Amino acid sequence: MTNVTIITAAAIQAGIFTEAEAEAIIKAGRRLPLHTFAEWKRMGYNVKKGEKARMKCDIWRKSNKKEENADGEEVENDRFYKKVAHFFTFDQVEKIAAA
């Protein structure tokens, strides 16, 4: 299960989107307008003061852990784990004003 499918299912269950709406957005080649605080910031938006996350769900995260193998060489091991992420909708953010 990918993060997209996890987020889509959680958004439908939370009542943010209907199944038809979510399916139409994804078929159009777009992502659901649900993002974490950091992702909105990267896209040039701030979460409005006092807003609470509309949805929380566990998503897959990747970790590159360096370990020594049997030969004593340092190798990177990709590990995946689930972590709770908090998602905000477009109506909860505002464009960052240019300085």
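**The pocket and its surroundings**

Modeller: The largest pocket is lined by 19 residues, and nearest its centre lie Ile7, Arg31, Leu34, His35 and Phe87. A pocket is an open set of points on a 1 Å grid over the protein atoms alone where a 1.4 Å probe fits, with protein on both sides within 12 Å along at least five of seven lines; lining residues have an atom within 4 Å of a point. The model is predicted: local features need pLDDT of at least 70, side-chain atom pairs count only at pLDDT 80 or more, and totals for chains, interfaces and linings use all residues. Residues are numbered from 1 along each chain as its sequence is written, and side-chain values use heavy atoms, without hydrogens and water.

Biologist: How many residues of the lining of the largest pocket are nonpolar, polar and charged?

Modeller: Asp, Glu, Lys and Arg count as charged; Ala, Val, Leu, Ile, Met, Phe, Trp, Tyr, Cys and Pro as nonpolar; the others, Gly among them, as polar. By class, the lining has 10 nonpolar, 4 polar and 5 charged residues.

Biologist: Which residue in S4 does His35 stand opposite?

Modeller: Strands are DSSP runs (E, at least two residues), numbered from the N terminus, and two strands pair if DSSP finds at least two bridges between them. S1 and S4 pair in the antiparallel sense over 2 bridges. The residue opposite His35 is Phe88.

Biologist: With which residue does the side chain of Lys27 meet in a salt bridge?

Modeller: A salt bridge is a side-chain nitrogen of Lys or Arg within 4 Å of a carboxyl oxygen of Asp or Glu. Because the two residues are 4 apart in helix H2 (residues 19–27), about one helical turn separates Lys27 and Glu23. At 3.3 Å, N to O, the partner of Lys27 is Glu23.
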